[in-house]
Amino acid sequence: MYTNAGTLSFDLAEGLVRLGGEARLVVPASALMALWGGASPAARRVFGRALGESIGRAAAKRLATEGADPTHAMLDASPEAALSELAAAWALAGLGALDLERWGRALVFVVASSPLGTDGDELCEITLEGALSVASGKSARVVRIERVEARARFFVSNAGATARMRAELARGTVWAEVLAELDEPASRGDA
């Protein structure tokens with residue numbers, strides 16, 4: 001009955017919601033954020049990663065050709081197809097609209113209209129990390145670099161670059177300046 005990896009199904013007679021074959025819950029964003037606010041940092045990380053991994057698996061399954069291993073489907077797909085499937089899985093989770101910006105060599109994801117608001121940016125960071133790591137098969141780290149009204153930007157890179165971004169943002173450095181510095185050959189050791 002639930003064979004398509006990308007189909008969101010509501011079985012009202014049984015009281016079940018599924019995405020692809022995975023059971024889902026429809027939970028008010030305010031209830032989720034109340035639970036989030038009371039959780040320990042470790043519990044937040046476990047929850048956010050699990051949510052993101054589910055999103056990443058759904059996107060990778062939709063990208064994989066029939067019978068193929070979805071592990072590398074995201075890397076094998078065109079950037080447009082990969083973003084489209086990831087954005088669709090993100091939206092089906094109810095987390096808002098997901099888009100991608102290129103800033104030199106840097107990847108910046110944009111989340112717009114998330115029902116979680118500013119208080120949910122940490123959850124979006126961790127969830128995006130999990131989604132990208134599972135969908136690409138590579139470790140990803142994410143840090144929110146900007147929020148303007150209902151849009152938040154998230155920088156995606158490795159642990160060192162995201163740690164540097166966090167430190168520079170804490171010092172008051174503008175995120176675009178940090179991205180420019182990270183893009184310079186000397187900062188990557190390419191000089």
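Modeller: Let's start with S113, which is exposed at 56% relative accessibility (exposed means over 50% relative accessible area, buried under 20%, partly exposed in between, using a 1.4 Å probe and protein chains only). Keep in mind that this is a predicted model, where local features need pLDDT of at least 70 and side-chain atom pairs count only at pLDDT 80 or more, while totals for chains, interfaces and linings use all residues. Residues are numbered from 1 along each chain as its sequence is written, and side-chain values use heavy atoms, with hydrogens and water left out.

S113 sits in the loop between β5 (106-112) and α5 (121-136). Those labels come from DSSP runs numbered from the N terminus: helices are H or I with at least four residues, strands are E with at least two. The backbone of S113 is worth a look, with phi near 60°, a positive value in a residue other than glycine. Most residues other than glycine have a negative phi. E149 gives us another case, with a positive phi of about 55° although it isn't a glycine. You'll find E149 in the loop between β6 (141-148) and β7 (151-157), and it is exposed at 74% relative accessible area.

Now for a glutamate in a strand: E101 belongs to β4 and is buried, at 18%. Not counting residues up to four places away in sequence, E101 touches A106, L107, V108, V110, R151 and R153 (a contact means heavy atoms within 4.5 Å). Take R153 from that list: E101 and R153 are 52 residues apart in sequence, yet 9.1 Å apart in space, C-alpha to C-alpha.

Strand β4 (residues 97-103) also holds W103, while W175 is in helix α7 (residues 175-183). W103 is partly exposed at 33%, whereas W175 is buried at 9%.

W175 leads us to the packing of α7 on α6 (residues 159-171), where the axes come within 10 Å and cross at roughly 145°. Axes here are lines fitted to C-alpha atoms, for helices over the stretch in contact, and angles run from 0 to 180 degrees between N-to-C directions. On the α6 side you have A161, R164, M165, E168 and L169, meeting W175, V178, L179, E181 and L182 of α7. That contact has 7 nonpolar, no polar and 3 charged residues, where Ala, Val, Leu, Ile, Met, Phe, Trp, Tyr, Cys and Pro count as nonpolar, Asp, Glu, Lys and Arg as charged, and the others, Gly among them, as polar.

Finally, helix α2 (residues 41-63) and helix α4 (residues 79-92) pack at about 135°, with their axes 8 Å apart. Their crossing is right-handed.

Methods
Left-handed = near helix turned anticlockwise from the far one by under 90°.
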